[in-house]
There are 2 protein chains.
Amino acid sequence: MTDSQFIDAALRNWNINLDRATKFFEGLSEEGLQAEVAPGRNRLIYLWGHLAAVNDALIPLLDFGRRLHPELDDVFLKNADRAVENPFSVEDVRHIWRKTNEVLQAGFAELSPAEWLQRHTSVSEEDFQKEPHRNRYNVLLGRTGHIAYHLGQVMLTREAD
Amino acid sequence: MTDSQFIDAALRNWNINLDRATKFFEGLSEEGLQAEVAPGRNRLIYLWGHLAAVNDALIPLLDFGRRLHPELDDVFLKNADRAVENPFSVEDVRHIWRKTNEVLQAGFAELSPAEWLQRHTSVSEEDFQKEPHRNRYNVLLGRTGHIAYHLGQVMLTREAD
């Protein structure tokens, strides 16, 4: 039964970072979201869309179903901030962020410990034999770190960090 | 035996972030380490010392022994960058960073799964009964995220991020 404690710890860590991001981004006005994390670097709205796109892509990666919004990738993953026109309003991003996270939470809740240790969908059965760390659990830890990485950047726009 | 897979995943994640930080900081000149992550914000040398102090404080928190360098805290934890005089040279910080991380690696390697789930030393036995998530494993995940958080900031000083 110790398995569940390791899983709880990882989900707790995911939720802490996700909640911190939600609180930060949802607390800003449309104008506030135009701020850059440093001169000439990504704007906050871009990083919010970027994190939403990465979360959305987790849905098929963890085998929870099809992506909800693959159309995010062109604006928020494949291209740099301001490189292509952004058709998404702040309201769109907020809606996608919430919905995507709901789907992930529901998926997480259904996984058994053994399923957490199964391969994610972008590694083949053959490669997984050689690299058994390429499992769902490892993806969760890595993506939690990715949120923390960008949180560190967005927090620079706060007066007191 | 699945316990060890959860532990391997967390240690892998720790090492990825730690190695990235080491590579970044050790690749810079003394002058390069004076750069600020954003105008008026922390300098790189401060963040390196800050992460070294947090790692050093993990030694007693995880019950691996006494701290090696509690004198870091005044400069890198309790005060903001440039608020107090910094008596540590870049060479000092590099040496402390390496040594502290060696002690942590040795400690990690000796823990059994059950020991990973034991309380850390800043929570009492009584509180731990109510909050069993306050264990060593949870500390490792949290501190890994803390490194990622500051990595996101220091990477802003790179031309292409």
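Buried area is the accessible area (1.4 Å probe) that two parts lose on being put together, summed over both. Keep that handy for the first exercise.

A word on the model: it is predicted, so local features need pLDDT of at least 70 and side-chain atom pairs count only at pLDDT 80 or more, while totals for chains, interfaces and linings use all residues. Residues are numbered from 1 along each chain as its sequence is written, and chains are lettered from A in the order in which they are written.

**Exercise 1.** Work out how much area is buried between chain B and chain A, and which residues of chain B supply it.

*Solution.* Start with the contact (heavy atoms within 4.5 Å): 35 residues come from chain B and 35 from chain A. Next, the area: about 2,900 Å² is buried between the two chains, and carbon and sulfur atoms give 59% of it. On the chain B side, Phe6(B), Arg41(B) and Tyr149(B) supply 25% of the area that chain B buries against chain A, more than any other three residues. Last, look for salt bridges (a side-chain nitrogen of Lys or Arg within 4 Å of a carboxyl oxygen of Asp or Glu): the count between chain B and chain A is zero.

**Exercise 2.** Describe how α1(A) sits against α7(A).

*Solution.* Take the axes (lines fitted to C-alpha atoms over the stretch in contact, with angles from 0 to 180 degrees between N-to-C directions). Those of α1 (residues 2–26) and α7 (residues 136–154) of chain A come within 10 Å and cross at roughly 30°. That makes α1(A) roughly parallel to α7(A), the label for angles under 35 degrees, with over 145 being roughly antiparallel. Now the residues: α1(A) brings, among others, Phe6(A), Trp14(A) and Phe25(A), and α7(A) brings residues including Tyr137(A), Ile147(A) and Val154(A). Sorted by class, the contact has 16 nonpolar, three polar and two charged residues.

**Exercise 3.** Do likewise for the pairs α2(A) with α4(A) and α1(A) with α4(A).

*Solution.* First pair: α2 (residues 44–61) and α4 (residues 90–110) of chain A pack at about 30°, axes 9 Å apart, and are therefore roughly parallel. Among the residues in this contact are Trp48(A) of α2(A) and Trp97(A) of α4(A); the classes come to 12 nonpolar, four polar and two charged.

Definitions and conventions. Heavy atoms only, no water. Helix = DSSP H or I, 4+ residues; strand = E, 2+ residues; numbered from the N terminus. Parallel < 35°, antiparallel > 145°, perpendicular 65-115°, else oblique. Nonpolar A, V, L, I, M, F, W, Y, C, P; charged D, E, K, R; others polar.
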